[in-house]
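Hello,

Here is the structure we spoke about, handed over for your files. My notes on its salt bridges follow below it.

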Amino acid sequence: MRNVAAVGAGVFPFGRHTDMLYQEMGRSAVKEAIKDANIDNKEIQSCYIGTAGGAGVGHEILKECGLIGIPLTRVENACNSGSNAIRLAWMEIALGLSDIVLVVGIEKMKDYSMGIVSGGQNRIVLEIKAVRYFSQIMNFGLMGPTGYFALAAHRHMKEFGTSKEDLARVVVKSRKNAVGNTDAEYQKSMTIDEVLKDKMINPPLTRCQCTPKSDGAAAVILMSEDFAKKHTDTPAWIKASTMTSSYITDYLSDLTAMPNIKVSRQAYKMAGIEAKDFYKNGFAEIHDCFSISEILHYEDLGWCDKGQGPKMLNDGVTEMDGDLPINPSGGLLSCGHPLGATGVRQVTEVIYQMRKDKKVAKRQVPDDNLNIALTHTMGQPVLGFTSGIHIFSRDLDIKLK
Amino acid sequence: MGIVMKLVNWWLLRGFQKKNKLMFDEKLNCILCNDCRNISFPPKDYCDKCQSSNVSQLLLGPIGKLMSYTISYIAPLVGNVKVPYPYGVARFFNEEGGFIDVLGLIDSKAPFNDIEIDKDIHLLRSRMYLKFKMEGNQ
């Protein structure tokens, strides 16, 4: 397989953009990515668009960007749509089918029900489906995604003594990192008290412990090795791309383990590294859709033992000046979560950080931690989980301290 | 509840009960795979895990263990469920130590102080959503 690099990045700020069309948001991100990659429109050979609810919007965006005529593939996998689009683009280049591929992630969620976004079905249809197939453990009906993670949080608290304050501290860290991130929906810092006193959604999760539904878009240009070397001195090389699927009932039997253990080990093996190598060498953008999920991911991704997630957080390991900075952008909790855009936005953060772009000057990861990076998204497309991981390296061959 | 939702619920239950018999009295109607010993719920004619058709009926409950719970302040559109309502995951064991985890409503009154993780729960007769009560509660 050929080497592939992420070269250009563009983001349309996440937030409330009810007055904007998909193509307006998408065009802005795509144009920025093309300019950032230092290429001409005509050099792009293929496009993947990750969007859970935006049926047909890819064509509108390509038309607005003067790109009509190239192969266009829409990827829908709920929260994992953007990450899956990156993976497919990576595969296309790695297999030698194209040299320059555009990936767009986009979603409009503020004015839409989750049902419409999740695969274009309305809520009543999803609930009927749930009851008929005894899938009460699904997005709608008895339990939504928040409910599932609330169950996980209560179980983690019971088994490992995790406190409400530990959960709140995830949000405090997230908001602290997002201060000055103009692409984030929430940019103000919060205290533990403020987090705990926010409106209760599903105990123990308060509102700000749940990622907001956002509008937003992100775009990334991937290139083969030859082209990347021609266009930039600071590519982010993709060293691993893995994905898994699972059925949600599998995880009722262990509420504190998400489907990330297997997929992360596959990614580490593919990149030729171990989980511990991220300490003092790397940083990560992980799927902190809820406060508890960030803690669970620390454990499932192998960065600490089971039950030690809160300690890792409280010890400051995952702070910007810690051994393994997590979510320097503010993650989903602060940036927001336009489903299809999230996985792509995470990659833009890796590109900006690795090249020390002025855009991330206020949240720049220390130089020592720029050798490797990991992006992780986890989707819950109605009845199952899907999880995707990418590992990036600043050098073509991973160099660790 | 509007007439439309009543009709939807009637139609759901009719189709649902025709397809799956979820409970016998206060027991869960599960299947046990005779090849890999996996327990599946709701019942079907193959094992979820190994796809074997060599399965037999297994009734579990009514006593189980509450693994976790939370409270919802938003009602589902189907089923006559009033907010706020607690729900949780309950674990039911068989004699071999195998188990199945299922989600259901918890029969409790606000402020829900009687709900405790790792305590025994009792499966109640129910039709659409499974329902538990904390063991010892009347």
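A:Asp183 is buried in this predicted model, because its relative accessibility of 8% falls under the 20% limit. Its salt-bridge partner is A:Lys359, with 3.1 Å between the closest N and O atoms. This pair links distant parts of the chain, 176 residues apart. A:Lys359 sits in the loop between helix 14 (339-355) and strand 10 (372-379) of chain A, and A:Asp183 in the loop between helix 7 and helix 8 (192-197) of chain A. A:Lys359 counts as partly exposed, at 28% relative accessibility.

A local pair is found in helix 7 (residues 164-178) of chain A, where A:Arg169 and A:Asp166 lie three residues apart, about one turn of the helix. They form a salt bridge whose closest N and O atoms are 3.3 Å apart. A:Asp166 is buried at 8% relative accessibility, whereas A:Arg169 is partly exposed at 27%.

A:Glu274 and A:Lys276 also form a salt bridge through their side chains, at 3.7 Å from N to O. Is A:Lys276 buried or exposed? A:Lys276 is exposed, because its relative accessible area is 54% and the cut-off is over 50%. A:Glu274, with 47%, is partly exposed.

Over all chains, the count comes to 29 salt bridges.

Regards

Technical notes
Residues are numbered from 1 along each chain as its sequence is written. Chains are lettered from A and ligands numbered from 1 in the order in which they are written. This is a predicted model: local features need pLDDT of at least 70, side-chain atom pairs count only at pLDDT 80 or more; totals for chains, interfaces and linings use all residues. Side-chain values use heavy atoms; hydrogens and water are left out. A salt bridge is a side-chain nitrogen of Lys or Arg within 4 Å of a carboxyl oxygen of Asp or Glu. Helices (H or I, at least four residues) and strands (E, at least two) are DSSP runs, numbered from the N terminus. Buried means under 20% relative accessible area, exposed over 50%, partly exposed in between (1.4 Å probe, protein chains only).
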